[in-house]
Amino acid sequence: MSAGLQERAARIRLLLMDVDGVMTDGCLYNVPGPDGEMHETKGFHAQDGISLQWLRWQNIQTGVISGRVSPATVTRAKQVGMTYVYQGHIEKLPILEEIAQKSGIPLEAMAYAGDDLTDIPVMRRVGLALAPANACAETKRAAHYVTSARGGAGAVREMAELLMRAQGSWENILKKYEVE
């Protein structure tokens, strides 16, 4: 990890992210419900989920800003203990400003992970901009770090480890699970 990336990651107190393409592989599944209506669902990666819980243990808050509205996102956010859940917002800057005001966390202490053009304005304003391997080229160029993993396939886990390593807390996680 470069010194500049290490310095940025060491300051982070809040990791915000897009959902589709970052926390998921970007695929949306419509399945029939008991009422006969079609319902959208998504798939989330288990290793991403546990890493979001580890961040919480290290006093790093998490949240999502998504253009889509999905009950699956709300459920996942509860499962992993997210602090902020905003859905139905393609224009994400006003939400970023609201979160900054509510949290009292300065933008330079926030990270944002996005995969598409709608994420770039937020990425340009936070202290650490992240993108999964499957992000579009323009979004990758806006990122300080691009994961080797794709969204929905461990990208969030890679981002969480990056933050914990930079902040010196990854060793605590390894010790907890008796990793030598």
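Reader: What makes the pair D20 and R68 a salt bridge?
Author: In this predicted model, the closest N and O atoms of D20 and R68 are 3.9 Å apart. A salt bridge is a side-chain nitrogen of Lys or Arg within 4 Å of a carboxyl oxygen of Asp or Glu, so D20 and R68 form one. D20 sits in the loop between β1 and β2, and R68 in the loop between β4 (61-66) and α3 (71-80), so the pair ties together parts that are 48 residues apart in sequence. Helices (H or I, at least four residues) and strands (E, at least two) are DSSP runs, numbered from the N terminus.

Reader: Happy with that! Why is D20 called buried, and why is R68 called partly exposed?
Author: Buried means under 20% relative accessible area, exposed over 50%, and partly exposed in between (1.4 Å probe, protein chains only). D20 has 13% relative accessibility, so it counts as buried; R68 has 36%, so it counts as partly exposed. Through shared partners, salt bridges join D20, E40, K42 and R68 into one network.

Reader: How do you know that D20 also forms a salt bridge with K42?
Author: The closest N and O atoms of D20 and K42 are 2.5 Å apart, which meets the cut-off just given. K42 lies in the loop between β3 (38-41) and α2 (46-57), and D20 in the loop between β1 (14-17) and β2 (29-32), so this pair ties together parts that are 22 residues apart in sequence. Both D20 and K42 are buried. By this rule the count comes to 10 salt bridges.

Reader: Which ground rules stand behind these numbers?
Author: Residues are numbered from 1 along each chain as its sequence is written, and side-chain values use heavy atoms, with hydrogens and water left out. As for the predicted model, local features need pLDDT of at least 70 and side-chain atom pairs count only at pLDDT 80 or more, while totals for chains, interfaces and linings use all residues.

Reader: Take E7 and R11: what makes E7 exposed and R11 partly exposed?
Author: E7 has a relative accessible area of 52%, so it is exposed, while R11 at 33% is partly exposed. They too form a salt bridge, with the closest N and O atoms 3.6 Å apart.

Reader: How do you know that the buried residues of α4 are on the same side?
Author: In helix α4 (residues 93-103), I95, L96, I99 and A100 are buried. They cover an arc of only 140 degrees around the axis, which puts them on the same side of α4; the arc is that of the directions from the helix axis to the C-beta atoms. The face turned away from this buried side carries the exposed residues P94, E97, Q101 and K102.

Reader: And what makes a nonpolar core?
Author: It is a set of buried Ala, Val, Leu, Ile, Met, Phe, Trp, Tyr and Cys residues joined through side-chain atoms within 4.5 Å. The largest has 31 residues, and those with the most contacts (heavy atoms within 4.5 Å) inside it are M17, L52 and L128. Its largest share, 8 residues, comes from α7 (155-166).
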